[in-house]
Amino acid sequence: MKKVTVSSLLAKKAAGEKITSLTAYDASFAKLFDEQGVDAILIGDSLGMVLQGQDDTLNVTVDDIAYHTRAVRRGTQRAFVLADMPFMSYASAQDAYKNAATLMAAGASMVKVEGGAWLCDTISGLVERSVPVCGHLGLTPQSVHVLGGFKVQGRDAQKAQQLIDDARALEAAGIQLLVLECVPTSLAKTITEQLSIPVIGIGAGNVTDGQILVMHDMLGVSANYMPKFSKNYLAETGDLRAAVSCYIEQVQSGEFPGQEHSFE
């Protein structure tokens, strides 16, 4: 199978084909996901919660992400590999350039940052320096204390419009993918339709161009709790490979996420 690239992800959006994504943190699971046909693998700062047992993602370091990115890259042949930029690793443009270079050298094909229009100059600078960037809007876990917890975002008209404006500004600044987390399905549909780049949803309904889940949630082994927007595919299938295959099939068909996994 051909290696997944930014261009092939864009072609999927144009063709109306759903993009499938999962997080991974080691070579073995990366290889399993890759072989089952997952389009994109994210080394998420979610590792702070699911691997390290933290209450949030804020203690994760660039060295942590780089370590796990190297492991995932070794297990990946075809899937697109993204790496999270941790909390405060892109507080200034110079920090962003330095830390993004570290993650790209570790094996990432793209870095992901959380935040709205305030990030545009930094994103433009990264793109000018040949670093592909994925944006992340809605529930941004690195801002959990500002948001007052892990809450659905964009439920009132003003905040919904702000997310739409931020998404358009980020695209104009040069992002090539957008993760949209925990927003009402109707808002996710509007943003997905207004952007020319692929929008990957998590807790954003089945109207986005693709889906991503934390692998521990998808397999029902998270140490903390099962989010509303996730589904335990291991319990449904009884086999790791079958679980991943079922997830891919249900995302591609639009069966997942269902209404019970979405917000209005």
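Which residues point one way from β3, which point the other way, and are they buried or exposed?

Modeller: A caveat comes before anything else. This is a predicted model.

Now the strand. Phe80, Leu82 and Asp84 point one way from β3. Val81 and Ala83 point the other way. Every one of these residues is buried, on either side. Strand β3 covers residues 80-84, and five of its five residues are buried, so the strand is mostly covered; the cut-off for buried is under 20% relative accessible area.

Next, the neighbours. Strand β2, residues 40-43, runs parallel to β3, and four bridges join the two.

The loop between β3 and α5 holds Met88. The phi angle of Met88 is near 65°, a positive value in a residue other than glycine. Met88 has a relative accessible area of 53%, so it counts as exposed, the cut-off being over 50%.

Back to Asp84. Its side chain forms a salt bridge with Lys112, and the closest N and O atoms are 2.7 Å apart. That pair links distant parts of the chain: Asp84 sits in β3 and Lys112 in β4, 28 residues apart. Both Asp84 and Lys112 are buried.

Other salt bridges can be set beside that one. The structure holds nine in total. One of them joins Arg129 and Glu128, at 3.8 Å from N to O. Glu128 has 63% relative accessibility, so it counts as exposed. Arg129, at 47%, is partly exposed. Another salt bridge joins Glu193 and Lys189, at 2.6 Å from N to O. Those two residues lie in helix α9, residues 185-194, four residues apart, or about one turn of the helix. Glu193 is exposed at 55% relative accessible area, and Lys189 is partly exposed at 39%. There is also a network of salt bridges, which links Lys12, Glu17, Asp39 and Arg78.

Ser130 lies in the loop between α6, residues 120-128, and β5. Its phi is near 70°, again a positive value in a residue other than glycine. Ser130 is exposed, with a relative accessible area of 62%. Elsewhere, a cis peptide bond joins Phe256 and Pro257, with omega about 0°. Pro257 is in the segment after α12, residues 240-253.

Rolling a probe the size of a water molecule over the atoms shows where empty space is left.

The largest pocket has a volume of about 560 Å³. It is lined by 33 residues, of which Ser46, Pro141, Glu181, Val214 and Phe229 are the closest to its centre. At least two lining residues come from each of α3 (47-50), β6 (177-181) and β8 (210-213). By type, the lining divides into 18 nonpolar, seven polar and eight charged residues.

The second largest pocket holds about 480 Å³ of space. Its lining has 23 residues, and the closest to its centre are Gly115, Gly116, Trp118, Thr140 and Ser143. Two or more lining residues come from each of β5 (133-138), α7 (144-147) and α8 (157-173). Of these elements, α8 gives the most, with four residues. The lining of the second largest pocket divides into 10 nonpolar, 10 polar and three charged residues.

Key
Residues are numbered from 1 along each chain as its sequence is written. This is a predicted model: local features need pLDDT of at least 70, side-chain atom pairs count only at pLDDT 80 or more; totals for chains, interfaces and linings use all residues. Side-chain values use heavy atoms; hydrogens and water are left out. Buried means under 20% relative accessible area, exposed over 50%, partly exposed in between (1.4 Å probe, protein chains only). Two strands pair if DSSP finds at least two bridges between them. A salt bridge is a side-chain nitrogen of Lys or Arg within 4 Å of a carboxyl oxygen of Asp or Glu. On a 1 Å grid over the protein atoms alone, a cavity is a set of points where a 1.4 Å probe fits but cannot get out, and a pocket is an open set with protein on both sides within 12 Å along at least five of seven lines; lining residues have an atom within 4 Å of a point. Grid points are joined across faces, edges and corners, and a volume is the space filled by probe spheres set on the points. Ala, Val, Leu, Ile, Met, Phe, Trp, Tyr, Cys and Pro count as nonpolar, Asp, Glu, Lys and Arg as charged, and the others, Gly among them, as polar.
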